[in-house]
Amino acid sequence: YENVVSNILSFFLDTEEEHHCKDLWLKSLIECRNDLSIREDDFNVLRVNREYRTETDKRIDIVLETDHFIIAIENKIYANPYDPFEDYYNCLKKENKRFIGILLSLKKENDIVNNDFQFVNITYRQLIERVLKDIGVYLSEINEKWCIFMKEFINNITNLYNGETINMDKDWQLFIK
């Protein structure tokens with residue numbers, strides 16, 4: 001699920017995409033980190049990269065670049081955070097922009113803290129609650145097709161963190177076998 005979810009999430013995080021959500025997802029993600037103060041004009045996304053390759057041939061799930069900062073998002077659905085976070089930071093600090101590290105996960109994880117950087121854990125539950133709280137001012141602008149798609153994405157992620165997909169009915173499992 002991780003790659004699929006990262007692809008969809010990177011689409012919604014891109015403020016210039018055809019969904020017309022503008023900065024809804026990015027702003028909601030940043031608002032989940034209570035330790036950041038970012039101005040309104042900082043939400044102009046210049047680039048969204050999927051599977052951003054480091055010099056050591058590791059890959060960061062999503063990298064967003066704006067005029068003033070760079071966000072590294074490590075996305076975890078079922079896997080534990082075992083990634084080379086220091087490598088990610090060292091690769092991206094060369095961009096000379098403010099670094100923001102986010103560990104986005106289905107379940108609560110510990111923040112990854114180093115002397116130079118941190119990847120703060122945000123759960124999908126927190127992100128979706130924030131998106132749903134903030135969506136009102138965006139609704140009239142969002143493309144109807146992508147609004148339906150976004151609702152389905154939210155429902156699927158909600159089902160994952162509620163365990164509905166994980167706990168398949170035993171009779172259904174036997175039928176499938």
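View 1. The model is predicted: local features need pLDDT of at least 70 and side-chain atom pairs count only at pLDDT 80 or more, whereas totals for chains, interfaces and linings use all residues. Residues are numbered from 1 along each chain as its sequence is written, and side-chain values use heavy atoms, with hydrogens and water left out. The axes of H1 (residues 2-13) and H5 (residues 144-161) come within 12 Å and cross at roughly 135°. Axes are lines fitted to C-alpha atoms, for helices over the stretch in contact, with angles from 0 to 180 degrees between N-to-C directions. The two helices are therefore oblique to each other (under 35 degrees is roughly parallel, over 145 roughly antiparallel, 65 to 115 roughly perpendicular, and the rest oblique). From H1, Val5, Ile8, Leu9, Phe11 and Phe12 meet Trp146, Phe149, Met150, Phe153 and Ile157 of H5. By class, this contact has 10 nonpolar, no polar and no charged residues (Ala, Val, Leu, Ile, Met, Phe, Trp, Tyr, Cys and Pro count as nonpolar, Asp, Glu, Lys and Arg as charged, and the others, Gly among them, as polar). Helices (H or I, at least four residues) and strands (E, at least two) are DSSP runs, numbered from the N terminus.

**View 2. H1 also meets helix H2.** The axes of H1 and H2 come within 6 Å and cross at roughly 100°. That makes H1 roughly perpendicular to H2. Leu9, Phe12 and Leu13 of H1 meet Trp25, Leu26 and Leu29 of H2, where contact means heavy atoms within 4.5 Å. The residues of this contact divide into six nonpolar, no polar and no charged.

**View 3. Ser28 is found in H2 (residues 24-32).** At 0% relative accessibility, Ser28 counts as buried (buried is under 20% relative accessible area, exposed over 50%, partly exposed in between, with a 1.4 Å probe and protein chains only). Its side chain reaches the backbone oxygen of Leu24 at 2.7 Å. Not counting residues up to four places away in sequence, Ser28 touches Asp23, Leu127, Arg130, Val131 and Asp134.

**View 4. Helix H3 (residues 85-92) is largely enclosed by the rest of the structure, because six of its eight residues are buried.** The buried residues are Phe85, Asp87, Tyr88, Tyr89, Cys91 and Leu92. They pack against strands S1 (45-53), S2 (59-66), S3 (69-76), S4 (98-105), S5 (112-113) and S6 (118-123).

**View 5. Arg50 lies in strand S1.** With 23% relative accessibility, Arg50 is partly exposed. Its C-alpha atom and that of Val63, 13 residues apart along the chain, are separated by 6.6 Å. Leaving aside neighbours within four places in sequence, Arg50 is in contact with Asn3, Ser6, Asn7, Ser10, Ile60, Asp61 and Ile62. The side chains of Arg50 and Glu51 make a polar contact at 3.4 Å (a pair of N or O atoms within 3.5 Å; within protein, one must be able to donate a hydrogen and the other to accept it, and residues adjacent in sequence count only if both atoms are side-chain atoms).

**View 6. Glu51 has a positive phi of about 55° although it is not a glycine.** Most residues other than glycine have a negative phi. Glu51 is placed in strand S1 and is partly exposed, with a relative accessible area of 27%. Asp57, also not a glycine, has a positive phi near 65°. Asp57 sits in the loop between S1 and S2, and at 48% relative accessibility it counts as partly exposed.
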